[in-house]
Amino acid sequence: MPSLMIHLLTAYKYHPNAPVLFYLGNIVPDSVDGWKEKDKTHFREKTNRLCALRGLADTMDLGDTFSKGILLHLFLDFYWDSYPMHNYIENYDGDNWLLAYRHETALAGAWLFHHTKWSEKLWDGMLACPKSAYEKGHGVAKENVADFVERNCKWLVENNIGPSSVFTPDFIEEFTDKVAVDFKNWLESTK
């Protein structure tokens with residue numbers, strides 16, 4: 001569960017000229033309410049999460065950019081949870097790893113928003129996207145998506161903070177480069 005901006009940076013690296021629906025798909029899975037529901041939609045309860053993602057990919061129309069964005073989101077989360085988040089938890093020495101972790105991802109995400117040339121325009125495009133464009137929200141109510149985008153954009157604009165000393169800009173660049181390439185290769189291996 002990295003920040004939304006880490007998802008969007010990965011999406012941008014994978015397909016910089018994608019339509020706005022691809023980018024919306026890259027954040028929609030996090031608009032689900034509640035941790036238990038999010039764990040379910042992200043396949044965190046599955047013993048073989050990558051296999052579950054493969055099964056989902058087989059049921060999706062990957063020509064639909066919104067669906068492909070959702071799949072990239074879930075793919076990135078699998079890798080993030082397996083390495084950066086896992087390492088953070090393992091090395092955390094304190095009383096509340098989750099609160100500290102969320103602070104670090106917030107720092108990383110806000111810093112990315114304020115230090116990428118394309119992010120503000122992209123968020124404006126997602127805000128302007130009509131709800132009817134993402135009718136098939138893959139289990140997420142379209143009203144939740146619109147509220148989620150608006151709330152997170154407002155937070156990013158108002159919080160010029162960061163970077164994270166844990167999830168540094170260099171680390172984020174390297175990680176997102178790798179995931180963008182790995183996702184492309186993973187998709188090609190399913191053909």
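**Exercise 1. Aromatic pairs**

Task: Find how many aromatic pairs a search of the whole structure gives, and describe the pair formed by Phe75 and Tyr79.

Solution. Step 1: the search of the whole structure finds 20 aromatic pairs, where rings of Phe, Tyr and Trp (its six-membered ring) pair if their centres lie within 6.5 Å, and where planes under 30 degrees apart count as stacked, over 60 as edge-to-face and the rest as tilted. The structure is a predicted model, in which local features need pLDDT of at least 70 and side-chain atom pairs count only at pLDDT 80 or more, while totals for chains, interfaces and linings use all residues. Residues are numbered from 1 along each chain as its sequence is written, and side-chain values use heavy atoms, with hydrogens and water left out.

Step 1: a pair of aromatic rings is described by the distance of the centres and the angle of the planes. For Phe75 and Tyr79 these are 4.9 Å centre to centre and 50° between the planes, and the pair is tilted.

Step 2: because Phe75 and Tyr79 are four residues apart in helix 5, about one helical turn separates them; helices (H or I, at least four residues) are DSSP runs, numbered from the N terminus. Phe75 is buried, with a relative accessible area of 0%, whereas Tyr79 is partly exposed, with 28%. Buried means under 20% relative accessible area, exposed over 50%, and partly exposed in between (1.4 Å probe, protein chains only).

Step 3: Tyr88 and Phe167 form another tilted pair, with 6.0 Å centre to centre and 40° between the planes. Tyr88 lies in helix 5 and Phe167 in the loop between helix 8 and helix 9, so the pair ties together parts that are 79 residues apart in sequence. Both Tyr88 and Phe167 are buried, and they belong to a cluster linked by ring pairs that also includes Trp80, Tyr83 and Phe171.

**Exercise 2. The faces of helix 8**

Task: Decide which residues of helix 8 are buried and which are exposed.

Solution. Step 1: helix 8 has 17 residues and reaches 25 Å from its first C-alpha to its last, close to the 24 Å expected; the expected span of a helix is 1.5 Å times one less than its number of residues.

Step 1: Val145, Ala146, Phe148, Val149, Cys153 and Leu156 are buried in helix 8. Seen down the axis of helix 8, its buried residues fall within an arc of 160°, so they line one face of the helix; the arc is that of the directions from the helix axis to the C-beta atoms.

Step 2: the buried residues of helix 8 pack against helix 1, helix 2, helix 6 and helix 7, whereas Glu150, Arg151 and Glu158, on the other side of helix 8, are exposed.

Key: Helices (H or I, at least four residues) and strands (E, at least two) are DSSP runs, numbered from the N terminus. Contact means heavy atoms within 4.5 Å.
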